[in-house]
Amino acid sequence: MKFNFTISTGSKVAIYKQITDQVWMAVATGKLAVGDQLPSVRALAEELVVNPNTIAHAYSDLTRDGLIEARAGRGVFIVQKRKVYTAEEAWRRLEPLLDAAIGEAMALDFTPQELKVAFDQKLDLWTQAKGGSPDHE
Amino acid sequence: MNEQPVICTRDLTRYFGGKPAVEGLNLEVPRGSVFAFLGRNGSGKTTTIRMLLGLMQPTRGGGTILGHNICALPTAARARIGYLTEEHQLYGWMNVKECGDFQSRFYPRWNEKVFRGVVGHFHLRMTARVKDLSRGERAGLCLGLTLAPEPELLILDDPTLGLDPVACRSLVESMVYLTRRSDRTIFFSSHQLADVERVADYIAILDHSVLRACCPLETFRNSVQQVRLRFPGAPPPLPEIPGLLQAFRAEGELRLTCVHYNGATETALRALAPEQLELVPLSLEDAFISYLGDRGEKSFILSETEAEL
């Protein structure tokens with residue numbers, strides 16, 4: 001099965017980021033599974049008509065984040081996600097996400113109490129969807 | 001990067017009757033890059049390209065192309081450069097094959113396979129007369145004539161000008177294909193920011209004859225950002241903000257477009273005591289228009305060195 005990437009120009013999201021987002025999303029929704037192969041940098045560049053360096057940038061980010069792995073002479077594959085961030089770095093990345101969500105919610109006049117309830121409900125849904133076992137030990 | 005740039009100019013300047021067309025241009029184009037040369041109509045792009053190719057003498061300053069002085073470019077070096085002009089000048093009475101045969105005599109390294117490949121990509125028949133070709137087909141033929149000598153530096157002056165979307169895409173596809181040879185440099189001017197976003201890894205921006213940016217495309221995108229400030233009532237008057245490009249004032253909201261947004265900018269903005277401060281990324285087109293728009297200050301220049309700070 002071949003996974004189809006799509007990109008759009010004129011977006012607020014840079015093309016390399018559109019590609020990494022799509023891989024993350026495809027893995028999260030099961031469209032891509034561990035062991036699936038991605039096209040080579042050159043092949044994807046020519047298919048999407050973008051500079052190969054853009055694809056290389058996306059693949060290098062995905063490799064850094066432990067989602068894909070290049071195997072010499074064989075290609076690029078989805079691998080089991082490893083924990084690659086230090087605790088400190090993970091927190092650093094989490095904080096702006098929380099700030100953005102809370103800021104928007106406050107602007108929509110939600111009370112802190114309402115937010116806590118909403119957050120817990122969402123969290124339950126996510127952990128159920130993942131089979132009840134959260135990723136981190 | 002310690003390798004010598006393919007194009008390097010110092011203080012390159014050209015006046016037409018006392019008016020500057022290009023003023024003090026310091027440009028560096030790295031080998032192997034796809035380099036987009038941007039700017040509004042009449043900002044000096046074509047004049048720059050003509051000086052780079054030795055087709056026009058600079059009033060002041062100079063530069064090198066493939067390591068040779070642009071004012072004394074040897075024929076052998078010229079043969080390593082492919083130049084596609086805006087106008088696509090061809091002899092109307094020739095057919096496609098005759099154009100190729102004619103051009104090939106000037107180039108010892110002519111590759112007929114490349115010529116036929118490009119011409120085929122644009123669906124041209126070898127027997128078609130030039131005068132009967134559409135604009136897109138002429139562009140395809142010119143591209144074939146430019147690429148067949150396998151130039152290591154390709155200079156394209158607004159290659160997609162006046163082409164329909166399908167012909168445009170064919171041209172951009174050819175550019176991506178050309179990066180297969182990793183030491184080949186493509187320097188192109190364009191107004192099509194969607195194409196630039198697809199293929200460019202570096203950009204330079206000329207504005208009213210002066211260079212305002214010369215950096216990786218991504219650096220440019222990361223450097224121009226919009227910040228939205230929300231206030232309970234009317235927004236306070238704006239103090240001096242470094243790198244401010246544009247400011248929009250609305251009911252309870254200030255929307256600022258800034259270049260080099262950093263900690264200092266944020267401190268200055270936080271001092272206005274907004275209820276909320278939010279950074280919003282911009283599309284390449286919006287960033288470009290803000291950057292060249294009429295409002296805001298213009299004393300800065302984006303360069304690679306600055307971006308590393």
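1. How far apart should the ends of helix H1 of chain A be, going by 1.5 Å a residue? This is a predicted model, by the way. H1 covers residues 15-28 of chain A, and its 14 residues should span 20 Å.

2. Have a look at which residues of H1(A) point inwards. A:Ile15, A:Tyr16, A:Ile19, A:Thr20 and A:Val23 are buried. These residues take up an arc of only 145° around the axis, which means that they sit on the same side of H1(A). What do the buried residues of H1(A) pack against? Their partners are H3 of chain A together with helix H7 (193-199) of chain B.

3. On the face turned away from its buried side you'll find the exposed residues A:Asp21, A:Met25 and A:Ala28. After the helix comes A:Gly30, with a positive phi near 80°.

4. On to the contact between the chains: chain A puts in 15 residues and chain B 22 residues. On the side of chain A that touches chain B, helices H2 (41-48), H3 (52-64) and H4 (87-107) each supply at least two residues. Sorted by class, that side of chain A has 7 nonpolar, 6 polar and 2 charged residues.

5. Is H4(A) largely buried or in the open? The number of buried residues among its 21 is 0, so H4(A) lies largely in the open. Just after this helix, A:Asp109 takes a positive phi of about 70°.

Notes:
Residues are numbered from 1 along each chain as its sequence is written. Chains are lettered from A and ligands numbered from 1 in the order in which they are written. This is a predicted model: local features need pLDDT of at least 70, side-chain atom pairs count only at pLDDT 80 or more; totals for chains, interfaces and linings use all residues. Two residues are in contact if their C-beta atoms, placed from the backbone, lie within 7 Å. Helices (H or I, at least four residues) and strands (E, at least two) are DSSP runs, numbered from the N terminus. Ala, Val, Leu, Ile, Met, Phe, Trp, Tyr, Cys and Pro count as nonpolar, Asp, Glu, Lys and Arg as charged, and the others, Gly among them, as polar. A residue is buried if 20 or more other C-beta atoms lie within 10 Å of its own, exposed if 12 or fewer, and partly exposed in between; C-beta atoms are placed from the backbone. The expected span of a helix is 1.5 Å times one less than its number of residues. The arc is that of the directions from the helix axis to the C-beta atoms.
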